[in-house]
Amino acid sequence: MAGVQLRRARTGVVLAITCLLLLSACGGGDDSSGQSQGASGDTGATITMWTRSATEAASRRLVERYNATHKNKVELTPIPTDNYQPRIAAAAGAKNLPDVFAADVIFMPQYTSKGLFLDITDRIDALPFKDNLAPSHVELGTFEGRKYGIPHTLDLSVIFYNKVLYEKAGLDPEKPPTTLKEFAEHARTVREKVGGNVYGTFSGLSCGGCIVFTYWPSVWAAGGEVMNEDGSQSTIDSPESVAVFETWNQLWKDGVIPASARDEAGPTWTSFFPKGTIGVMPMPSTTLGQMPDNDKVKVGVAPIPGPDGGESTFVGGDSIGISATSKQPDAAWDFLSWTVSDEAQVEVLAKNKDVLARPDLASNKYSSADERVVLMNEMVGKGRTPFALNFGQTYNDPNGPWIPVLRDAILGDDVAKALQEGAPKLTQSLQQQ
Amino acid sequence: MSATSTRPPDTAAARRSATSPAGRAMRRARALKGIGYTAPTAAIVVVLFLAPLVLVFWMSLNRWPLLGAPRVNAPDNYTRIPDNPLFLDAVRFTLKYTVIVTVMLLLVALGLALLVQERRRGTGFFRTTYLLPSGVGFAAAALLFYGFYSTEIGPIHGILRSLGLIEETFSFRGTPNSALFSTIALVIWRFAGFQMLILLTGLQSIPLELYEAARVDGASRWQAFRRITLPLLRPTLALLLVLSVSGSLLAFDQFFILTQGQPDNSTLTMVMVIYREAFFRFDLGAAAALSVVVLLVLVALNALQLRVLRRRD
């Protein structure tokens, strides 16, 4: 009898272990329950938030100030920028998105059309300053008439030029280029007069997003277009665009751009200017706060010009919204609406020389101290953010159609032909279902 | 274990009273126990292999959004594959890469194994040295080589230039060929030691008497290698071939980190295209269809390899 009991006991243990294994294999993943108390506003809820590492600094400043002044607590998780889109996709597939997440503004149409964000039209419309939110961010966060996102951080492309190198090259450090032709002349002069390891300008020639961000404003400044209005057709072969790419093509041929630019895939494209080895180049406005001010580098800022004048900028940065799967949209909105309030914009963002999500607050007690910041804030109204549902897969994806086209145009011999042959490929990707 | 001591009475009892209620209960208990023992493995296979496999196949028949209900659209995901120029290019590239890397890896590993086959002073040191890279995670190794190849921070460019082997403008990842062979160098560095180890066990299982007999018969070293070593090493080579071909057809990490498919999508592998469909285009159905195709190709190729190698045995 003892033997039978022992065996039964053993069978029981084996079965129990089996059940445990099965349970643990199937039961993971759902940790969002139990947080649904807190029906409205600032009730001491814990809000989970994701952002990409490129814009983490500004997000963190906002989160820290909010946590210090509110009962709710925001838990911020930064995710490497290159990995952000796959992570969002994986989390959405597992219905495991955080309560709020920021997204590169150009990805907003794709995310809203896939239903990743909660419709917050009524909440946004109830804001007293709803008409003063950065217009391009609001536009890209709107899908079929409903609003899903508000501006979170703004990142503009502007010309940075190194006044130290300008002086060395015999250029006037107070006169930045006002046309793209002048820009090319300045770059060439720096390369010729200073030389050595100092180059005239720089571009990330294996980085689709970098070229979009830095070249397209010149096309817009000349009155040209790179896509049709609904982002379903590429017009990258327009005469204005050809003129812009021809300028850069010539700079590459003349060795004004360092050879390493050819393989620059993005991670380090902004790292050369602060070393004092680049004369003048389009840069992201958010890097101004990290620029050195010493005997090698003194940064001057100017708008990106077209071939014969005009000015424009790519209004990039992040939008933010409440995820479609959040169980506590009220608490999440309490945080989001606070981030665009006067207090957050002025006391957190303006204080740190960031560009504001609210152009109406552009002149404030901090901005007037630095004319470069005033200029960048003014550019928000003059800039553009292109709209396309398939923006990421067409222009940002390293394996999309854009990189071969731009490399053909800049590194090749025939710019017009490269862009003419490239436009249909871009259009095909823009229209892909 | 007690299992051996309890079995005889068990079977004896079962035989004695196969139809009695007590005997039936006991048989049921035994069957239950058997199921209990195999269940953990079965559960793991079902949960981690069969279920995902069925799910992937089901996904490939649907338009599968990130959120919301899927909709059957078979066979669209499959019929659209030929329209995906990236995938067709990736198939060509992956096959080319598989052939080159499998041959080079085997040659290098065999060379290393022959070098350290015999016990002499210092062979232990060299065996360990060759095997050491296998201890580095593959992604970490790829990042390491990313740094090595950098013209800004890596040492290799400077060294090769001072030796006059490359020009200043040379870039390890700049042209399709340099990107491919830079990656192959990484793969050989990372895996040659491991393959060497497997080949060593094969080499050491060949009886020394055979070589002695060959020497008595006046065979040269080359003849001994061709007539004795290679034929007797065939099972080991077959194992390595299967491992290397399967691994190379599924190549992802090395190219994802080192080249990102650049320049101009010339180093894009099949798995990278699947990843792109799923996580950049959010088209999970299309990604699943591509996965099924790759799986079928893998199964077919492995079946073919095993059949050819078995027949020779």
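**A note on the domains and the chain interface**

1. Chain A is split into two domains, and each is built from two stretches: domain 1 covers 46-155 + 316-382, while domain 2 covers 157-315 + 389-431. Please keep in mind that this is a predicted model.

2. As for how the two parts sit relative to each other, the C-alpha centres of domain 1 of chain A and domain 2 of chain A are 27 Å apart. Contact between them involves 21 residues of domain 1 of chain A and 17 residues of domain 2 of chain A.

3. Which elements build the side of domain 1 of chain A that touches domain 2 of chain A? At least two residues each come from α4 (108-113), β6 (150-162) and α13 (371-382) of chain A. The most is given by α13(A), with six residues. Sorted by class, this side of domain 1 of chain A has 10 nonpolar, six polar and five charged residues.

4. Turning to the partner chain, 34 residues of chain A are in contact with 35 residues of chain B. On the chain B side, α2 (21-60) and α13 (270-279) of chain B are each the source of at least two residues. Here α2(B) holds the largest share, nine residues.

5. What is the make-up of the side of chain B that touches chain A, by class? There are 18 nonpolar, 11 polar and six charged residues on this side of chain B.

Notes:
Residues are numbered from 1 along each chain as its sequence is written. Chains are lettered from A and ligands numbered from 1 in the order in which they are written. This is a predicted model: local features need pLDDT of at least 70, side-chain atom pairs count only at pLDDT 80 or more; totals for chains, interfaces and linings use all residues. Domain bounds come from an automatic or database domain assignment. Two residues are in contact if their C-beta atoms, placed from the backbone, lie within 7 Å. Helices (H or I, at least four residues) and strands (E, at least two) are DSSP runs, numbered from the N terminus. Ala, Val, Leu, Ile, Met, Phe, Trp, Tyr, Cys and Pro count as nonpolar, Asp, Glu, Lys and Arg as charged, and the others, Gly among them, as polar.
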